[in-house]
Amino acid sequence: MNKLFVLFDLIITYNMFIVNNFMNILEVFMFNERLRATRKHRKIKLQQMADMLDISLRAYQHYEAALRSPSLETLVKIADILDVSLDYLLERDNFMKAHGVSFDEY
């Protein structure tokens, strides 16, 4: 019976690991879509965005393609350039609304 409990515990732990990693991957994909849409809405070209962030075009393209995640410092710069909140960029809309905070999409 003890071995069965250990096996069950391992299965639960493994499933939680899979779910958590999936959620992290999903957050990255949502961020890149919101980043791209907001940049385009602001009519900022890829190269202009990279220049304003003082990074290479390729590095910035990796953010929009969800191949890399920006550092916290770069993330703050992106939000400032696009004139949006970090919560908006990170698609925390539902969280913010649940706490009574409203904001415009752009």
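Predicted model: local features only at pLDDT ≥ 70, side-chain atom pairs only at ≥ 80, totals over all residues.
Biologist: What makes the 15 residues a nonpolar core?

Modeller: The term asks for buried nonpolar residues joined through side-chain atoms within 4.5 Å. The largest such set here has 15 residues, and L35, M49, Y60, I78, L82 and L89 have the most contacts inside it.

Biologist: Which helices supply this core?

Modeller: At least two residues come from each of α1 (2-41), α2 (46-53), α3 (57-64), α4 (72-82) and α5 (86-89). The largest share, four residues, is that of α4.

Biologist: What does L35 touch, leaving out residues up to four places away in sequence?

Modeller: L35 touches Y60, Y63, E64, I78, L82 and L89. Contact here requires heavy atoms within 4.5 Å.

Biologist: Why are M49, A50 and L53 of α2 called buried?

Modeller: Buried means under 20% relative accessible area, and M49, A50 and L53 are the residues of α2 in that class. Seen down the axis of α2, they fall within an arc of 100°, so they line one face of the helix.

Biologist: How do you know that the buried residues of α4 lie on the same side?

Modeller: The buried residues are T74, L75, I78, A79 and L82. Their arc around the axis is only 140°, which puts them on the same side of α4.

Biologist: What makes E73 and D80 exposed?

Modeller: Exposed means over 50% relative accessible area. E73 and D80 are exposed, on the other side of α4.

Biologist: Which residues follow α2 and α4?

Modeller: D54 follows α2, with a positive phi near 60°. D83 follows α4, and its phi is positive, near 55°.

Key:
Residues numbered from 1 in each chain as written. Heavy atoms only, no water. Buried < 20%, exposed > 50% of the residue type's maximum accessible area, 1.4 Å probe, protein only. Arc of directions from axis to C-beta.
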